[in-house]
Amino acid sequence: MKLSRRSLLATTTAAVAASAAPAAAASGPGHGPGRGLRTGFDRLAADGYALLDGQRVGVVTNPTGITREVRHIVDVMHADDRVALTAVFGPEHGFRGTAQAGGSEGRYDDPATGLPVYDTYLKSGQALADVFTASGVDTVVFDIQDVGARFYTYIWTLFDCMEAAALAGRRFVVLDRPNPVTGRAALGPVLHKEFATFVGRQPISQAHGMTVAELARLFNGEFLTTPVPLETVTMSGWRRSDFYDASGLPWVPPSPNMPTPETALVYPGTCLFEGTNLSEGRGTTRPFELLGAEGIDGRWAEAANALGLAGVRFREAYFAPTFSKFQGRTVGGVQLHVHDRAAFDPVRTGIGLLISAKRSWSGFAWRPDEWIDRLTGSTRVRTMIDAGAETDEVVAGWRDELAGFRRMRRGYLLYR
């Protein structure tokens, strides 16, 4: 059956029965203010997996695909006769999360369930479609916790898997989870297509302010050449203004250097330091909250505080990374302390920190491969900073393209 883009978008959100038993999401000890939140998986399971009835199912997931009782959804589904789970697909870092940044687990059989685990990392297009075909699944399900930044690779795993599922003639189901840094606003520059990589496939903003189900709808409606038969299972009890702690859900690091929701809060801005010769805090207990390099002293913290950036203060800090840049060497820099997360703008803060670092430390340099352009989505941020622009000027440079993305995004939002 040939489906038009319009008919696909009209039916993209699965209507999970409102009468489904709430006990599936609310069981277990009290979990604070979020005890009423039900993830997409909670609602799918409470409905008896009706959406997957008669289908051979494969799940794209990682260690974040858990229930409120911290059971992995693959283990739960494998033990339930109501769903025919036949394969698992692992992204960067792997299904069980054993690999570091830039790595994966390869093809193996999961010891806990016996299920075949296929590697999706760095696969796309027909090569990934062939993986889905070889697995024999009818429906591909996606359930991974995102962190809200364009350069976090799991959303591009989502995009690549949707594209491949369309090529392979498979259904695609997205189980939604909260955006941990809220869904209030899209922030930052929009990717220019000539700078597309695995840290940014399509022109979305640096902090997108969407959930994975909303992104899937946007990808299907705007960017996929051939839309995939898509259904999304929404959350209940989530509001766009909610930070992760309001969910009451346990936090599992989506990747080794994303240990806490506080890391996710600063990441859309401070990840830009990956494009410089400064440490972004990898190899410390506070990645992306600690930034520094050899030769930096308290002048950077002083300059950063003088910017008056909303919701955040900067402390002079010294640390010795255990791996990555400056491994085993003591460096100086700053630690971010967010004191008003509602007022905090991570992208504007990242720009201010780049500018103040360059002005207060003579050793500042961009990475020779100009990785900063891949992270920001164009040459503009780098060239404006090199030309001496102030924070407000750099931020103003993306105002029009961000407004355009915000208009596009509006039609795909699922929550208030």
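Predicted model: local features only at pLDDT ≥ 70, side-chain atom pairs only at ≥ 80, totals over all residues.
## Helix α10

Let's start with α10, which covers residues 346-360.

How much of α10 is buried? Eleven of its 15 residues are, so the rest of the structure largely encloses this helix. Buried here means under 20% relative accessible area. If you want to find them in the model, the buried residues are Pro346, Val347, Thr349, Gly350, Ile351, Gly352, Leu353, Leu354, Ile355, Ser356 and Ala357.

## Helix α7

Now look at α7, residues 212-223. Eleven of its twelve residues are buried, so this helix too is largely enclosed by the rest of the structure. The buried set in α7 includes Val212, Leu215, Leu218 and Phe223, and Glu214 and Arg217 are also among the buried residues.

## The seven-stranded sheet

Next up is an open sheet of seven strands with mixed pairing, and its order is β3-β4-β2-β1-β5-β6-β9. Which strands stand at the edges? They are β3 (108-109) and β9 (230-233); each has a single partner strand, so one side of each has no neighbour in the sheet.

As a general point, strands of a sheet pair through backbone hydrogen bonds, either parallel or antiparallel. The partner of β3 is β4 (residues 116-119), and the two pair in the antiparallel sense over two bridges. One place to look is Asp109, whose bridge partner in β4 is Pro116.

## Pocket and cavity

The largest pocket holds about 460 Å³ of space. It is lined by 27 residues, and those closest to its centre are Glu92, Ala101, Thr153, Glu274 and Arg282. The lining as a whole splits into 14 nonpolar, seven polar and six charged residues.

What about cavities? A search of the whole structure turns up one of 30 Å³ or more. The largest cavity contains about 90 Å³ of space. Its lining has six nonpolar, four polar and two charged residues. Among the lining residues are Thr39, Ile66, Gln145, Tyr244 and Trp251, along with Arg68 and Arg177.

Terms used
Residues numbered from 1 in each chain as written. Heavy atoms only, no water. Helix = DSSP H or I, 4+ residues; strand = E, 2+ residues; numbered from the N terminus. Expected span 1.5 Å × (residues − 1). Buried < 20%, exposed > 50% of the residue type's maximum accessible area, 1.4 Å probe, protein only. 1 Å grid on protein atoms, 1.4 Å probe; cavity = no way out; pocket = protein on both sides within 12 Å on 5 of 7 lines; lining within 4 Å. Points joined across faces, edges and corners; volume = space filled by probe spheres on them. Nonpolar A, V, L, I, M, F, W, Y, C, P; charged D, E, K, R; others polar. Pairing = 2+ DSSP bridges.
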